[in-house]
Amino acid sequence: MKESLRPGVSKTARITVDKDRTIGFMGEEGRVYGTPFMVMDIEQICRKLILEHADEGEESVGTEVAIKHLAATPLGMTAEITVTVTAVDGRRIAFEVSGKDEFDQICTGTHGRFVVDKAKQFERLKAKAAKRRT
């Protein structure tokens, strides 16, 4: 991981709320940005930020999510999510998260990720899977 990944580094993404990002249990008129999809987008934005500062063979995995979903964003509206690094502790990266749509603050919270060496991670996963087979 490069030294350029440090507190204060941020990334903003604009996301159009398409049907796949909405909840459907309230019917078509009630389609809004679903919390699980918002969390997925937050994780992806943080991951992309880390990858901009990662060394060859590094990847990151989510370790913690604490998000408040504050307002509904209807289907077709644009959301803007900003993630900012608040701490780098070895391979642990902490983020502050905020989001807004065209009218409201839609989320706030924190997210944690851990930078892993992909080759070592694959070996750990193989070993764990092998234990299951025995």
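A nonpolar core is a set of buried Ala, Val, Leu, Ile, Met, Phe, Trp, Tyr and Cys residues joined through side-chain atoms within 4.5 Å, where buried means under 20% relative accessible area, exposed over 50% and partly exposed in between (1.4 Å probe, protein chains only). The model is predicted: local features need pLDDT of at least 70 and side-chain atom pairs count only at pLDDT 80 or more, while totals for chains, interfaces and linings use all residues. Residues are numbered from 1 along each chain as its sequence is written, and side-chain values use heavy atoms, with hydrogens and water left out.

The largest nonpolar core has 22 residues, of which Tyr33, Ile81, Val83 and Phe95 touch the most other members. Two or more residues each come from helix H1 (35–51) and strands S3 (78–89), S4 (92–100) and S5 (105–117); helices (H or I, at least four residues) and strands (E, at least two) are DSSP runs, numbered from the N terminus. H1 gives the largest share of this core, six residues.

The structure also holds 11 salt bridges, each a side-chain nitrogen of Lys or Arg within 4 Å of a carboxyl oxygen of Asp or Glu. One of them joins glutamate 43 and arginine 113 at 2.9 Å, N to O. Because glutamate 43 lies in helix H1 and arginine 113 in strand S5, this pair ties together parts that are 70 residues apart in sequence. Glutamate 43 is partly exposed, at 24% relative accessible area, whereas arginine 113 is buried, at 5%. Arg14, Glu80 and Lys100 are linked in a network of salt bridges.
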